[in-house]
Amino acid sequence: MTKELDDIIIEHQFFSSDEAERNKEGRLLVADRLFQNMLEGVFITDTKGIIRFINPAFSMITGFGEEVIGKTPGIFQSGKHDEAFYRKMWESIEQNGKWMGEIWNKKEDGELFLQQTTITKINDDHGQPLYYAAVITDITARKKAEQRLKDDLLLAKEVQKSALSHPIQNDSFHIEGIYLPSDILGGDTYAWYQIDSHRYGVIMLDVMGHGVASALVCMSVRSLLRGIVNKCVEPEIVLKELNKHVYTLFQDKESLQMKNYYLTCVYAMIDTNTHTIQFASAGHPPALLLCANGSIRELADGTVPLGMLAEIEVETGFYTYENEQTWMVFYTDGLIESEENQIRKNIDKLKGNLLKHRTNDLSKMLSLVIEQQCKDLNTPSFYDDVTMLIAKL
């Protein structure tokens, strides 16, 4: 330990005077070991900004040694911060006694690095400043890793978004969807496939939870959909085949968390020649069928969420629609969840919003319904991923 730090500890009584007198050498030894073995860099200045003390970690981080004693921290400045930055920093120190933040500084070899910094004002018994102690950590590598992760997540977001089906519009069938993850990535997805000249398979999935883990599970299952829908077609067979894949995907894993993953699903096979809908749901919120006369039918036939049981029984609904405007609506539970958790009332609100905006084109109808639903739930944003699709038949 340098003599300067000894003087600081003794002169300004970092410990009580009685204790210092009884065990001054022992306490100086503790202080010495503390500063010498800290992983964080430390430097201390007097009230004029002159550096009085540095520890070994400071030299390891910055490359500067004892030559900085007697100089000011200006020798570290990178030039990346303006006067306003330092003015606000010192205002915080004087007003609050401390400042915490990130600063770009310069190492001895000229390399710039980002340091996490805490500057503390040390006062005497009368509240007058004696010294300023700065504790620094080099976080450059961590920040670069965080930026790489952020870039990877943004790329994954675009990949997930690009996997969503594109709108289809013809004389007998028009479908569009909207997907709003609550985080960068989400666990919802939808897809539709033209099976032949007059049949369409429409499906929506909602993986338990949200974020990266749910998104990975979602995309894993999403990759199977086209093959399953085109091969199986019928709702009962489609859901049973999906359940087999999801159950197998997780049940052989040792992790209890992985075994607890499941997903809800809703699927319809629409025949525009016969004006029929074959439908089944797996633990999903009820689909809605809006008729031109303003009536709304809930479609809730189906089974339990996928992935919970090795074998499932699926109840399939069979519906017809008139040869006039009819809308089929799928949505995930993020659209009907609220702080009060009044799911039934929130579904009724959704019905009202769909009826109110059904005269708009599908793209506008989707955005208006979701915007109004958020207002009606009295929340600044939804709690979970929100996904909705509307097919105009």
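**Notebook: pockets and cysteines**

I began with the second largest pocket, whose lining residues divide into seven nonpolar, three polar and three charged, where Ala, Val, Leu, Ile, Met, Phe, Trp, Tyr, Cys and Pro count as nonpolar, Asp, Glu, Lys and Arg as charged, and the others, Gly among them, as polar. I kept in mind that this is a predicted model, in which local features need pLDDT of at least 70, side-chain atom pairs count only at pLDDT 80 or more, and totals for chains, interfaces and linings use all residues. Residues are numbered from 1 along each chain as its sequence is written, and side-chain values use heavy atoms, with hydrogens and water left out.

I noted about 220 Å³ of space in the second largest pocket; a pocket here is an open set of points on a 1 Å grid over the protein atoms alone, where a 1.4 Å probe fits, with protein on both sides within 12 Å along at least five of seven lines, and lining residues have an atom within 4 Å of a point. Its lining has 13 residues, of which Lys 161, Leu 164, Ile 178, Tyr 179 and Tyr 190 are the closest to the centre.

I then turned to the largest pocket, with a volume of about 340 Å³. Among its 22 lining residues, Phe 43, Pro 73, Met 89, Trp 90 and Ile 119 are the closest to its centre. By class, I recorded 11 nonpolar, nine polar and two charged residues in that lining.

Finally, I looked for disulfides (a pair of cysteine sulfur atoms within 2.5 Å) and the count came to zero.

How values were computed
Points joined across faces, edges and corners; volume = space filled by probe spheres on them.
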